[in-house]
Every structure is written in structure tokens, then in C-alpha cells.
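Q: I have a two-part question about reading a model: where do I start, and what do the terms mean? Please take me through it feature by feature.

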Amino acid sequence: MATDSNDVNVKKINHILAQYKGESNLLIQVLLEVQKELRWLPKEGLTRISQELNVPLRQVYHAVTFYKAFSLVPKGKYTVTVCMGTACHVRGAPRILDRVERVLDINPGETTPDFKFSLETVNCLGCCAIGPVMVVGDDYHGKLSLDQVKLTLDSYD
Amino acid sequence: MPKLRSGLELEELRKGIVSSRDPNRLCFTVCSGTACLAVGSQKTYANFEAELERQRLKNRVDLKATGCPGFCERGPIVVVYPQGVCYLRVQPEDVTEIVSRSIEGQIVDRLLYVDPVTGEKIAHELDIPFYKYQNRLILGNNRLIDATKIEDYIALGGYRALARALFDMTPEQVMAEIEKANLRGRGGGGFPTARKWKSTRDAPGKPKYVIVNCDEGDPGAFMNRALMEGNPHSVLEGLAIGAYTMDSHEGFVYVRQEYPLAADNIAIAIRQAENYGLLGKAILGSGFDFIVKIHKGAGAFVSGESSALMNAIEGKVAEPRPKYTHTAEKGIWDKPSCLNNVETWADVPLIINSGAEWFASIGTEKNRGTKIFSLVGKVNNTGLVEVPLGTPLRDIIYRMGGGVSGNKKFKAVQTGGPSGGCIPEQYLDSSVDFDELTKLGAMMGSGGMIVTDEDTCMVDFAKYFVHFLSEESCGKCVPCREGINHMLDVLTRITEGKGQATDIQLLEDLARMLKEASLCALGQTAANPVLTTLKYFRLEYDAHINEKRCPAGVCRALLAFYVEADKCQACLICARNCPVNAIDGGKNLIHVIDQSKCIRCGTCLEVCPPRFGAIRKISGEPVPAPIPEQARVIQRKG
């Protein structure tokens, strides 16, 4: 699965910017919207946001690299998020992560070469009762055992 | 809908809603909190819809998607009203039976709670021990409300406190009531709420801002999420009352992006409240204007710190500021800004409705009211527990939590998130409040409670929190950025069996430096998990350092796995599951683990059938020599 071309990206970003009134304090909200739409933040998009919101590009990059929600590289179709919260930790989350890394052959923060999966960790999703938890796209998979990891990931296409 | 123009109109609306509803009508409620959604409650809800349609019951029976009642361990939860019959772990295929039986006034026995001690089945929600011993002043309404319908909240007397404050009380009287109730901040600091409000009200500068802090970043804590998802109006009402008291006309709700449902529900709630004239211009026809905006976080633990959060609202990175002047006086854009936790705001309408004296009658002298705790980890009843402040830890873990799961032995309970500490068994009778737990070196914090058992390594556990904080330190001040990383290095080498005798002293020195020199609470309290585990579990540190042994069998570098030759039945299950093909074996050939290939992941131990139990985990002792080649063949009879 390929990522969109620059033109398409800029068009989508302009569409999002049109909904905000060019107030600099909305920078993070705009970045969140763009990240959600494109699943990453392309360079030309950041320049555009900087101009529209009248925020120095330096400050835009500061925010993008500070917060975990943002990515400067394209992301896969599905984001696989393994919860590493305390409750999941004591229920074996490190071993789940280890298994996911082996199955996908990538580390957290990376994306599979076919752009199907990106792997992330999170420090608590707040559904501790069903830990260990892995989220694929929008689907929560709770009470996960090691041998369910591959089966679960295989069920996505 | 027409905007309400007085307290009287609100009351009339409420009466209208109540009288249009038949309290004896059958109503199915399905929990739609994140944890229940994660185990399929959406499907269960859809099946209820379809089933009511199929049986042509839609005009006679109600169906409601409600907020989280807290018993997440047994989700999806369905409660049938008016009887209040509670069904647990309801699967989509159970729905037909529940509907058919309920119509006839019968109960589906197999889905009821079973008391683990007596074996008795319990039908009514409030008779279940998990609920029975709680005092759910704040959380209780979650199960009665569809968060996307303001009418549900109004029917229960919602916004009555706001009307009362606006029409029957001066801001000074509201302030006095909050002061008399001795409400303290639920986010963890325990700072007297009235004093904070006064600072903002009296500080020069306009506009003044009021803010809801829903950046619940502590891992293992989700009480704010449940409240924002399940009963957002209770938070908004408290916020509006606070705004009126402090002469503020603009508020923010800061919600972390990891809580998408909470952000959605609060947005719906704001819109509905505006439509009714309960927010916006001239609220309820009074002269008071108040608008609320939502600001989503973008993933940074430190943004829960007040000054960092205010930077984030300004559109900047969430780095804390030095607090020579409190944010209550100089916050967002240097204007007076009052930030309170979700739960603190939700307490406000209760106090205005029922009075400070009533509120002060709950809890202990310096710790009034109730507090929600999120009880997680190795405990039978994971979920949210609301109890009066001052309740002993033991009650929370054993009476409501049902004790340690899997018949394991209790080791410690970790309270207060990454800034908190681990409390061992001998202090389980301590009462939980802002002051008691601090004396033990831990803190109550925002209410996270993680139960650990004998299988948790306390050195690894301390390392977990330090690792978490090393990733979350914003890097602005050197003591926190470098100190936490240094601490992580030391803990890592201890868990890898490379610890040195001087490491304990080094950890203590770093802890003191962090506490005294860090800019914000993240760094100042970062050493708490290390200090409390050192204080109460020193022997575990010593075992790692001196004997290169992990007593709980967690730290990988100090473990080894081997196959017990006399128990192995050569079933090949472990060999097939080993991720690195380290297990040599075949049909009728006793398996052997190649120690040089083994990554000590423990998969073999997990998959070996319990009736064989052939995999042994050891730490701090040599691995026995593998069985000689010629002895590996199993001779089977017949």
C-alpha cells in the first residue's frame, strides 16, 4: 500500500486548515487532525501549516518532535499499539511486545516495508481489566496470549 | 429546543422528562465504556436492538448504552431495570435469552455473579460485594445515564446545583461552601480547592480561565476516563459553578488523545448544554456567560502538570514552567487560570446540592468525601472502586477487589502512579488518604492502585517506572533528564546481574538530587518507586546484586529454562512454539533446550501442558547438564 502523492496531501491539509481560523494556539489541534487524516506529517504540509497559522516552522517542528502522537515518516495502514501500562506490564506485556516484534520483524516506531503495519507502544489505554492489550487499527484485542498474537495479526488484510 | 431561561424552567423540564418515563418499564442497559467496548459490548448492544425489533418490543421496552459502572473485569455488563438484575460477561448470543426471560419477569441464572466463597448466585447489582461496599456518589450515576443524552442527566437532578448557585447564592457563598466542605484536589496534590479558587478569583488580570484536567497519564489509572465517558455533564456542571465563583467566562477541557470516546462524549455534552442554555450566553436567563472549549493532548505524560498543560493549551509544547508564581494567578497567556482534576469538578455539584456538612460527614477529618480508585494488576475484580477517603487498603483490595488473582501471594500494592510507591503487606491496614500514604513514602495520587503478587520482581517493577519516566521527562531541566536516565542505567545493570555493591548508595544519592533539583513534580517524585522498593524490598535488590538471582523469576538475564527429562513426554509443543528454535526434540525424543540459543522468553513454560509440567525456570543456580543422547528415547508401553 503506497502513500498519497504530495499534491493530494497538501489538498487534504488545506481542507483541514480551512476549518481552523488561523489561530496559532490551535497548532496542536491542526497537527492532530492532519496526523489522523494522512497518518503522518509530510514536510511540505508542515510548511503550509506554519504559514497558515503564522507559527515559525521551528516551533512547528518542536511540537511535532515533542509529542508522541506525531510522525515525520509515513505510517502503515494499521497501527499496532501494544499497551505497556503498569497493569499490562505485570500481566506480561513485555513478552507480547517481543512476540509482535518478531512476527512483524520491526521495532516500535517502525513500519513494515509493505506499509501494512506500524508498531507503537503506549503507556496505558485505561482498559486495564482486559490486559495485556493490543490495538490494531481501531480494534482492541484484550487478554491476549502469546500464541494469539500471530493469529490476530494474520486476520488483517 | 428552546433555551431554558430560569431555574424554574429547568425544574419543569426535569419534571416533564421524569413524568414521560415509566419507572416500572423494562429497560436494558449495556455498558459502553472503553473496556466493555473492547470486549465486544457494541455487538451485544446491536443484538439487543435487533432482538427488540424482532420481538416487536420497541414500544414497550427501553434500551440504553450507559457509561462504565466500574466492574470492568466482568464486562460486557448488562443490567435489567427496574429490578436491577445484573448480567456479567454477556456475549451477543446471550441476548435473545435475556430479552425473552426478562419479558416474563424471569432471570437468566447462568449469567449472574457467583460468590467465589459461598458459591451463591447474586442477581441484584448492588448486592454484588464489589458494589455493595462502595459509596458511589460520583460514579453511581454512570450506569443510569446515556452520556449522549443530556435529558438523562437532567432527569437525575442534573444542573440543579448550577441553578442554585446562580440564583440563590453569591460567588462568596459558593466559595464558603466549598471551603467548609474541605474539598481537596483529586488529581493527587490534595491542595485545598477553595484556596486555589480564591487565588484565581483574587488575582489581578482578565479574562480568568477554568480548566478540566483530563490528561490522566498515570499508567493503570482510568477513573477520569470513566467519568468523562459516562457522565460528562457532572464535570461540566462543576466547571460552570467554579467559573461563576471565580468570575471566569471561558473554560477548557484538556483531554488526552488516548481517550477518544471521552473526547467525543464531552464534545456532545457541551453542544447539548449550549442548546439548552446551560452553557453559553446568559446561562438559564441569568446574567452569567460561560463557554467551554476542548483541547486534545497529543501524547505527553508531563502535560498533566499544570503549567505544562497550560503551555499546551496555548499551542506550544507541554513543558513545565518554573512556578515562582502559581498558575492560579498567572496561567494561560499569563492570566489567572484555575486547573482542577475531572473528579474534583464532579464533586462540586454534590456539595452545592447536598451541602458542605453532608460532604464533610463522609471520610476523615482532613480528608472529606469519596475518591475513585482504579484497582488493577493481579487482583480478582479489576475495576473502579469509589469509597470514602480513609478506607483501609485491605478493604479495597480484599472486600471489593476480591483479593489476589490466581491464588497467588500478595506482595505489594503500588499507588499514586509513577510518582507513587510500593506498599507491602504489613501496611495494608493503613487508611487511604492524602496524608497517610505519604507517610509510607508512597502517595495516594490520582487513584491508581496496582496490585502485585509473588511473580512480580520489585527491582524490575521500579525499573519499569523509571523507564517510563525517562521516556516522559520533557528534557527541559538537567536534573530530571540526566538523573532519571542515570537511575535507569543503574537499575538496568542490576536486573542484568551486573550490579555493584555501591549501586544502592548511588541510587539513593540520585534520588536526593532529583527531589531537590528538578523543576517540576515529575522529576521531584521520580525516585519514589525506587526508594519505596529499596525500603521495603531491599532483599530483592541484594539477591540481584550479590547472588545474581531474581527471586521472582522475572529478570531475563538472570533466568534459565530447562526440560526436566523425567517429565517430558516429547509432545513437541514447546519446540514448535519456541520463537528461536532453541528446543531440540522429536517424536519419542526427550526435548532439550539449547542454552546458547535460548532467549529466556518463557514461551515453553507457558505452552507445556500442565499435566506434564516439564519445563523448569531457575534463577541464580547452574543449569543441570542435559540428558545424555542415548537416554533421550522414550520407551512407550504397547
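A: Start with burial. A residue is buried if 20 or more other C-beta atoms lie within 10 Å of its own, exposed if 12 or fewer, and partly exposed in between; the C-beta atoms are placed from the backbone. The model is predicted: local features need pLDDT of at least 70, side-chain atom pairs count only at pLDDT 80 or more, and totals for chains, interfaces and linings use all residues. Residues are numbered from 1 along each chain as its sequence is written, while chains are lettered from A and ligands numbered from 1 in the order in which they are written.

Q: Is N6(A) buried or exposed?
A: N6(A) is exposed, because 12 other C-beta atoms lie within 10 Å. N6(A) sits in helix α1 (residues 6-19) of chain A. Helices (H or I, at least four residues) and strands (E, at least two) are DSSP runs, numbered from the N terminus.

Q: Which residues does N6(A) contact beyond its neighbours within four places in sequence?
A: Two residues are in contact if their C-beta atoms, placed from the backbone, lie within 7 Å. By that test N6(A) is in contact with P42(A) and E44(A), leaving aside neighbours within four places in sequence. For scale, the C-alpha atoms of N6(A) and V82(A) are separated by 31 Å.

Q: How do I read the overall build of chain A?
A: Count elements, then check their order. Chain A has 7 helices and 4 strands. From the N terminus on, they run α-α-α-α-β-α-α-β-β-β-α. The C-alpha atoms fill a box of roughly 50 × 30 × 25 Å along the principal axes. Of the 157 residues of chain A, 42% count as buried. Among contacts in chain A with a separation of 6 or more, 65% come from residues 24 or more positions apart.

Q: What is the strand order in the sheet of chain A?
A: Strands of a sheet pair through backbone hydrogen bonds, either parallel or antiparallel. Here, two strands pair if DSSP finds at least two bridges between them. The open sheet of 4 strands has the order β2-β1-β3-β4 in chain A, with mixed pairing. β2 (117-122) and β4 (139-141) of chain A each have a single partner strand, so one side of each is left without a neighbour in the sheet. Neighbouring strands are turned by 20° against each other on average, direction ignored. Axes are lines fitted to C-alpha atoms, for helices over the stretch in contact, and angles run from 0 to 180 degrees between N-to-C directions.

Q: What packs on that sheet?
A: Helix α6 (residues 93-104) of chain A does, touching β1 (78-83), β2 and β3 of chain A. The direction of helix α6 makes about 155° with that of β1(A). As for one pair in detail, 3 bridges join β3 (residues 134-136) of chain A to β4(A), and the two run antiparallel. V136(A) stands opposite D139(A) in β4(A).

Q: How many residues does each chain bring to the contact between chains A and B?
A: Chain B supplies 41 residues and chain A supplies 37 residues. On the side of chain B that touches chain A, α2 (34-38), β11 (370-377), β15 (448-453), α18 (458-472) and α25 (603-607) of chain B each supply at least two residues. That side divides into 18 nonpolar, 16 polar and 7 charged residues. Ala, Val, Leu, Ile, Met, Phe, Trp, Tyr, Cys and Pro count as nonpolar, Asp, Glu, Lys and Arg as charged, and the others, Gly among them, as polar.

Q: Which residues touch the most other members of the largest nonpolar core?
A: A nonpolar core is a set of buried Ala, Val, Leu, Ile, Met, Phe, Trp, Tyr and Cys residues joined through C-beta atoms within 7 Å. The largest has 225 residues, and L31(A), V133(A), A240(B) and I396(B) touch the most other members. α18(B) gives the most to this core, with 9 residues. Not counting residues up to four places away in sequence, A240(B) touches L162(B), L279(B), I283(B) and F290(B).
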